[in-house]
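Please consult the sequence and the structure while reading.

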Amino acid sequence: MSTRPAPELSSSSKRHHFHWTKKIGTEDDDDDEIPPPTAAKPSAIPTLKHSASSITRDESNARKKLPAVAVARLRSVLSSFNRNRFGSSSSGLGPRVVGTLFGSRKGHVHFAFQKDPTSPPAFLIELATPISGLVKEMASGLVRIALECDKKQGAGNSSSAVRLLEEQSWRAYCNGKKCGFAGRKECGAKEWKLLNALEPISMGAGVMPSYGEGERTEIMYMRAKFERIVGSRDSEAFYMLNPDSNGAPELSIYLLRV
């Protein structure tokens, strides 16, 4: 059996899978470390051209993206400004709110405005007007309630004053007639219990049993949706929305800082 010697690999096949390139020295290198000048390989030239063209394309794409990014940021700033222009986001109220009027038969009128039936009241106020008198006014026709407060002295402008819905004391007017004063209230346990009981009701009026311990009275209430219009930092209006969307709102509440 004859054996043949294994064929030797040629020098060209040995270098088939390896492409070595020489590193080009810098001017700081020593003279003895600089390799002798050799002709540049043809394959290196297209690589450099390709890199330069890629950088050029990237720069042009980045320049094209800059206006789009600037426009997007500008839109974001404007939308944030519109949301916070008159403190609507800080007050927690939007263009549509839930308004609740309530009070005991022999007690005073309470107003509460909420973002939704489950949220805490952003504005809760007690008027000196008896609720029985307000009910009579509403039965006779349209009711316009105006609440006025004074600007703080030394504020300079309205932007440095407190938010309108956070004012503590007001002068109250009902259909142009002065009806005493009104004061801001904190939502206590009694108020929360009533508002939670009215949570399933989106619109309506009625009477509820007493909700406080030891109290033997009935609570009159009216709940509806209101449209909120913000004129400035010193003026807001709430218009009760009618279910049939016909005619003027039966109840309107104006907040003014003068």
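This is a predicted model: local features need pLDDT of at least 70, side-chain atom pairs count only at pLDDT 80 or more; totals for chains, interfaces and linings use all residues.

Q: How many helices and strands does the secondary structure of the protein hold?
A: Among the elements are helix α5, at residues 189-197, and strand β5, at residues 169-174. In total, the secondary structure comes to 5 helices and 10 strands.

Q: Which residues of the largest nonpolar core touch the most other members?
A: In soluble globular proteins, nonpolar side chains tend to be buried together. Here the largest nonpolar core has 33 residues. A second, separate core of 8 residues includes Phe102, Ala112, Ile219 and Tyr221. In the largest core, the residues that touch the most other members are Phe111, Ile145, Leu147, Trp170, Phe238, Leu251 and Leu255.

Q: Which residues form one aromatic cluster?
A: A search of the whole structure finds 5 aromatic pairs. Phe238, with residues up to four places away in sequence not counted, touches Phe113 and Phe226, among others. The cluster is formed by Phe113, Phe123, Trp170, Phe226 and Phe238.

Q: Are the planes of Phe113 and Phe123 stacked or edge-to-face?
A: A pair of aromatic rings is described by the distance of the centres and the angle of the planes. Phe113 in strand β2 and Phe123 in strand β3 are 10 residues apart in the chain. Their ring centres lie 6.2 Å apart and their planes meet at 25°. Planes under 30 degrees apart count as stacked, so the pair of Phe113 and Phe123 is stacked.

Q: What is the angle between the planes of Phe123 and Trp170?
A: Phe123 in strand β3 and Trp170 in strand β5 are 47 residues apart, and both are buried. Their rings form an edge-to-face pair with a centre to centre distance of 6.1 Å. The angle between the planes is 90°.

Q: Which residues of helix α5 are exposed on the face turned away from its buried side?
A: Glu191, Leu194 and Leu195 are buried in α5. Seen down the axis, these buried residues fall within an arc of 95°, so they line one face of the helix. They pack against β1, β2, β3, β7 and β8. The face turned away from them carries the exposed residues Ala189 and Lys193.

Q: Which residues are exposed on the other side of α4?
A: In helix α4, residues 131-140, the buried residues are Ile131, Leu134 and Met138. They cover an arc of only 55° around the axis, which puts them on the same side of α4. Their cover includes β1, β2, β3, β4, β8 and β10. On the other side, the exposed residues are Lys136, Ala139 and Ser140.

Q: To which side chain is that of Gln114 joined by a polar contact of 3.3 Å?
A: Gln114 has its place in strand β2. Its relative accessibility is 0%, so Gln114 counts as buried. Among the residues that Gln114 touches are Val97, Thr100, Pro120, Leu195 and Arg223. The polar contact of 3.3 Å joins the side chain of Gln114 to that of Arg223.

Q: Is Pro95 buried or exposed?
A: Pro95 lies in the loop between α3 and β1. Because its relative accessible area is 59% and the cut-off for exposed is over 50%, Pro95 is exposed.

Note on methods. Residues are numbered from 1 along each chain as its sequence is written. Side-chain values use heavy atoms; hydrogens and water are left out. Buried means under 20% relative accessible area, exposed over 50%, partly exposed in between (1.4 Å probe, protein chains only). Helices (H or I, at least four residues) and strands (E, at least two) are DSSP runs, numbered from the N terminus. The arc is that of the directions from the helix axis to the C-beta atoms. Contact means heavy atoms within 4.5 Å. A nonpolar core is a set of buried Ala, Val, Leu, Ile, Met, Phe, Trp, Tyr and Cys residues joined through side-chain atoms within 4.5 Å. Rings of Phe, Tyr and Trp (its six-membered ring) pair if their centres lie within 6.5 Å; planes under 30 degrees apart count as stacked, over 60 as edge-to-face and the rest as tilted. A polar contact is a pair of N or O atoms within 3.5 Å; within protein, one must be able to donate a hydrogen and the other to accept it, and residues adjacent in sequence count only if both atoms are side-chain atoms.
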